[in-house]
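Please keep the structure in view while reading.

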Amino acid sequence: MTATTGRTRPLPIILTEVEAVRVERLSPSFVRVELAGPELAEFGVQGELYDQRIKLIFPGPRGALPNLAGEESWYAAWLNLPDAERGHLRTYTVREVRGAGRDARVVVDFVLHGDSGPGSCWATRARAGDRLLLIGPRRGERFGGIEFAPGGLREVLLVADETAVPAACGILAALDADFGGAAFLEVPESGDVLDVPVPAKINVVWLPRDGAPHGRRQVAAVRRHLELDPTDDLIDDRQVSPDLWETPTYSSSGEPIEPMSGPGTGAGARDGLYAWIAGESKVVTTLRRCLVEEAGLDRRQVAFMGYWRHGVAMRG
Ligand SMILES: Cc1cc2nc3c(=O)[nH]c(=O)nc-3n(C[C@H](O)[C@H](O)[C@H](O)COP(=O)(O)OP(=O)(O)OC[C@H]3O[C@@H](n4cnc5c(N)ncnc54)[C@H](O)[C@@H]3O)c2cc1C
């Protein structure tokens with residue numbers, strides 16, 4: 001564990017206990033929680049938050065949060081704790097920041113998927129006064145965790161399931177009126193369609209599953225949008241990359257990424273299109289095939305992010 005005694009400068013990240021000060025049931029599958037704490041006065045990034053991710057630690061079986069105060073190597077310190085004291089680490093998106101100074105509140109939209117995971121379990125029962133640990137960006141310091149990076153491209157394709165809807169909505173809220181394109185947002189049921197402001201030139205299509213299998217409506221809609229052969233088939237389970245994370249600067253497969261001299265290359269490439277795809281790993285792996293192998297999009301015009309995998313608890 002890192003020795004921290006005597007530290008005079010604050011950590012370059014925000015690592016702080018926060019309290020739920022407002023809990024709002026947005027729809028059957030979403031609950032919005034405003035998290036507050038004095039250290040959030042320093043929370044923020046330079047520029048837009050877009051899909052900024054943060055880490056949350058939920059209390060463990062005894063109801064207590066781990067003590068990581070002042071730990072610069074917080075992850076290693078957290079891993080070293082006994083299981084019973086560690087709590088549960090999960091990744092979420094900053095939907096927005098409300099207020100300022102000591103009144104700043106980080107808003108997180110949680111998907112409720114029953115009691116099958118500590119994150120969903122906590123969110124289902126969340127009440128004002130409940131506490132979590134939050135790890136996020138400190139204003140003026142490098143943190144990372146924003147993947148939406150269209151560069152000079154002004155046509156976007158955003159594809160998200162419910163876990164990535166908060167990120168997609170954050171992106172849509174931040175885009176200026178120059179941006180055009182489409183967003184396909186899949187949610188569990190019709191009642192989960194949210195009323196969010198969107199740029200005039202972006203066509204936002206909500207795709208409630210209402211009992212349909214996860215991802216099929218999305219795959220069909222994206223294929224139609226890209227004028228590919230119509231099908232809603234998903235790839236075989238054996239072909240899924242459970243940790244799929246590919247952006248113009250990073251590939252979880254370790255594949256090298258060549259620098260791009262200009263947008264779009266090669267036959268079939270859709271010049272000017274930037275695609276941001278996030279959600280369940282099998283669906284995202286399927287969409288990767290559609291976009292890269294069939295539609296010919298340059299790997300450097302796309303970001304594919306497996307946010308979770310059916311049947312697999314997040315590590316941490
Ligand atoms: C960058 C990033 C940003 C994210 N942002 C958000 C966000 O803003 N809001 C949000 O709700 N989630 C978000 N997620 C997804 C979230 O981290 C996962 O859904 C996570 O598994 C939830 O933790 P848990 O403790 O509820 O379930 P876990 O303990 O991780 O999993 C337990 C079981 O539940 C299943 N499961 C997990 N998520 C779902 C789901 N949505 N529907 C059905 N079954 C599920 C798992 O497959 C597993 O079988 C984000 C993930 C990433 C990587």
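A residue counts as buried when its relative accessible area is under 20%. The model shown here is predicted.

**The helix**

Helix H6 covers residues 281-294. Eleven of its 14 residues are buried, so H6 is largely enclosed by the rest of the structure. Among the buried residues of H6 are Ser281, Lys282, Val283, Arg288 and Cys290. The length of H6 can also be checked: at 1.5 Å a residue, H6 should span 20 Å, and its end C-alpha atoms are 19 Å apart, which agrees.

**The ligand**

Which residues come nearest to the ligand? Of the 25 residues around the ligand, these are Thr91, His113, Gly119, Arg309 and Met314. By class, the shell has eleven nonpolar, ten polar and four charged residues.

| Residue (backbone atom) | Ligand atom | Distance |
|---|---|---|
| Threonine 91 | oxygen | 2.8 Å |
| Aspartate 109 | nitrogen | 2.9 Å |
| Proline 118 | oxygen | 3.1 Å |

The ligand taken alone exposes 920 Å², and the protein buries 91% of that area. Two or more residues of the shell come from each of strand S4 (88-93), strand S6 (105-111), helix H3 (118-125) and strand S14 (302-308). S4 gives the largest share, four residues.

Notes: Residues are numbered from 1 along each chain as its sequence is written. This is a predicted model: local features need pLDDT of at least 70, side-chain atom pairs count only at pLDDT 80 or more; totals for chains, interfaces and linings use all residues. Side-chain values use heavy atoms; hydrogens and water are left out. A residue is near a molecule or strand if one of its heavy atoms lies within 4 Å of it. A polar contact is a pair of N or O atoms within 3.5 Å; within protein, one must be able to donate a hydrogen and the other to accept it, and residues adjacent in sequence count only if both atoms are side-chain atoms. Accessible areas come from the Shrake-Rupley method with a 1.4 Å probe; for residues, only the protein chains shown count as cover. Ala, Val, Leu, Ile, Met, Phe, Trp, Tyr, Cys and Pro count as nonpolar, Asp, Glu, Lys and Arg as charged, and the others, Gly among them, as polar. The expected span of a helix is 1.5 Å times one less than its number of residues. Buried means under 20% relative accessible area, exposed over 50%, partly exposed in between (1.4 Å probe, protein chains only).
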